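Subject: Handing over the structure

Hi,

Here is the structure I promised to pass on. Have a look first, then read my notes below.

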Amino acid sequence: MNQSNSVWAFFASVKLALVTLFFLAITSIIGTVIPQKETAQVYIDTYGQNTANLFQIFSIPDMYNSWWFLGLLALLSANLIVCSIERFPAAWAIIKADNLATPLKRLQQMRLRREWTSALNVSDTEATLAATLNTNGWKNQSRQKDSGRLLFSQKAPMSRTGVYIVHISILIIFVGAIIGEMFGYKGSVMLPETQSTEQIYTFRTNEAIPLGFEVRCDLFEIELYDNGMAKAYRSELTVLENNEIVRQKTIVVNDPLTYKGVTFYQSSYQPYQSFVVTVSDMTSAKKIQAILPYQQQHVEPNSDLRFGIINAKTAGQSVTDIKLWLKDQSGVSGNYWLSDGEQKIIEHEGTTYLIAAKQMYATGLQIAKDPGVWTVYVGFTLMIIGLLMAFFMSHRRLWIHIREEDGKTLVLMSGSANKNRGAFEKTFSALADQVQK
Amino acid sequence: MDSSQLLGITTFTYLFSSILYAVIFIFRAKSLGPATTVFTSIALLIQTIGIGLRWQESYQIGIGHAPLTNMYESLVFFAWTIIAFYLFLEWKYKIRTIGAFAVPFAFLAMAYASFSTEFSKEISPLIPALQSNWLIAHVVTCFIGYAAFTVATGLAIIYLIKNSSASRNSTDESTLLATLPSLSVIDDLTHKSMVFGFLWLTVGIITGAVWANSAWGTYWSWDPKETWSLITWFIYAITLHARYTRGWGGKRIAWLAILGFLSVLFTYYGVNFILSGLHSYGSS
Ligand code: HEM
């Protein structure tokens, strides 16, 4: 065997697949025991200087992205590709084979076969057999063969491609992951209510990435269960391009917003000790919104209106009730209690106001752009389809040869299945019993 | 009757089922067979009602969600899938003697769920990250896979016992073991269970990835639970290839089935209680 052939044989072997999968399984354990992506200092503190150095050499702190782990995955890929190139042509040849050309000798040697004599002549026997096969769902063809007639029928020849679909799906998932790695990013941003941003910050390097549009957080709120556990974190987001609103959506965990391939996920929040206060004059429909720290007045320019938050009740970090102080052209001031986030219509010295106040939050958004994710999902789908084909379908073939010998009509029925042979044997004998009648 | 009473009863009915199957095996009491199957089916029905009631009760207290969201509920569901899968095998292959090696796993899961003090049995509200239909798809598919792997392990144990006694050739033991299916049948069933489990584990890992992507924008983050499910997947992939392409069978496959099951246990239990990671819901 020459050099290139032996390299090829190495990559084509299933032994290599077993060894690679074994090493992938064993080495994957490391990263579940040793914390990943910590700072160098953490490893020195936990494991000592020498061990920490050794870890750095073998990229243990980020082992799933290390040269040797990616190398194992590359080896698996090369193995899959070469192995498929090596074997697929033979599988395809069987799928496309002219089974009516199968030598009679092979049919006579098949493990699964039955022979009998028919009372009818050759062509009548053929006609009844073909009809019976047909009614049982075995569509068939026939041809003149070795001084007799050969009937052939098969089911699910394409199921032989199942394992190749599974193997290729793995490669497709890898391709999707590489696309995501090359053209995507993962990042985050803390966005205070009423504010907007045109950039976000990547996880890995904390570098600013321009979005190409603007995202604004209009509102963030936390809904609680009766026992005080968080039920939902909710952000009302607005996407703007050239100061025009192009998309609005309320996101919660598990239901993100996607715009131009960039997806915004609800991930955390941060409470402030300020309040978002809105006061609208119902008659003039003039709306004033202000962000106010505790006990600080908002003085509306060119107007006598002023307001502020003078008291608040809290439960833990979150505000439950807010006391709003308000004074207008009447010269009289009034205090109004609101629960956090509540809107209320009030009558103040002859003027009707709609007032609202809530504690101010910043919403913590996780941002992902992953143009590879659909490729990965195609891979997932193909993997499931391929597994179903490989595990639950089999290529089953039936031949019936009918010939005349010494004035008798002799019938030979043979069959084969590439998987689940036990089940096929039962089908075969049931069918043979039926066609013999 | 409320769900906790029904699920409490289930623990004891599965214990009783295990004893019945053991009696059938040890005393060759074949005549007990049909009654045992009926009893076990009724036990499964009671458990099904129990799970259904728990689901309904969660709606009554205003936090409605499928009962698949904490360690207790997942153990109960694990037991349910083991019995369901075992009864399916029994019905399909008409073999009752393997019950003694499969049903006890369901009892152990229920007993652990009922008597452990490590986790709460209360119906608790869902934290926002768990409020997803993908969660249900993920848990259900994973546990069908785990149940199949559990039964495969029971079968592998039978194989190893029968095999070792066959090689020692001791007569009285071989009469007891003679009631078990032949080695080749056990071997075949072990393999079939693992194939079935592998398919569902694959779907389980995939639905988990899709869920993670819809919640965090990352379908794979190598957290310990994900990684261990992948390790388990690799072990079964190795097993399938070793059998299919290199003709492994018998003892080697039986040991691989047991190794795979240990990996399942670690993925399911060990990661929650020994390692830490994103999937910490089991410890709450
Ligand atoms: C994690 C990776 C892999 C998975 C999930 C996988 C999956 C499968 C499945 C499900 C089967 C069908 C087995 C059966 O019907 O019982 C199969 C068969 C096979 N696999 Fe893989 N495989 C993987 C990696 C590989 C690699 C790297 C090779 C490279 C040599 C390989 C070579 C084969 C071969 C030769 C067969 C038999 C195909 C036939 O002749 O029908 N597999 N694989």
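**Around the ligand**

H5(A) gives the largest share of the shell around the ligand, five residues. Helices here are DSSP runs of H or I with at least four residues, numbered from the N terminus. This is a predicted model, where local features need pLDDT of at least 70 and side-chain atom pairs pLDDT 80 or more, while totals for chains, interfaces and linings use all residues. Residues are numbered from 1 along each chain as its sequence is written, chains are lettered from A and ligands numbered from 1 in the order written, and side-chain values use heavy atoms, without hydrogens and water.

The ligand sits between chains A and B, with 21 residues around it (a heavy atom within 4 Å). Among the closest are A:His167 and B:His241. A polar side-chain atom of B:His241 is 2.7 Å from a ligand nitrogen, and an N or O atom in the side chain of A:His167 is 2.8 Å from a nitrogen atom of the ligand. For A:Lys419, a polar side-chain atom lies 3.2 Å from a ligand oxygen.

**Between the chains**

Contact (heavy atoms within 4.5 Å) links 43 residues of chain B with 46 residues of chain A. The two chains bury about 3800 Å² between them, 72% of it from carbon and sulfur atoms; that is accessible area (1.4 Å probe) lost on being put together, summed over both parts. B:Pro128, B:Tyr219 and B:Trp222 supply 17% of the area chain B buries against chain A, more than any other three residues.

Cheers

Note on methods: A polar contact is a pair of N or O atoms within 3.5 Å; within protein, one must be able to donate a hydrogen and the other to accept it, and residues adjacent in sequence count only if both atoms are side-chain atoms. Helices (H or I, at least four residues) and strands (E, at least two) are DSSP runs, numbered from the N terminus.
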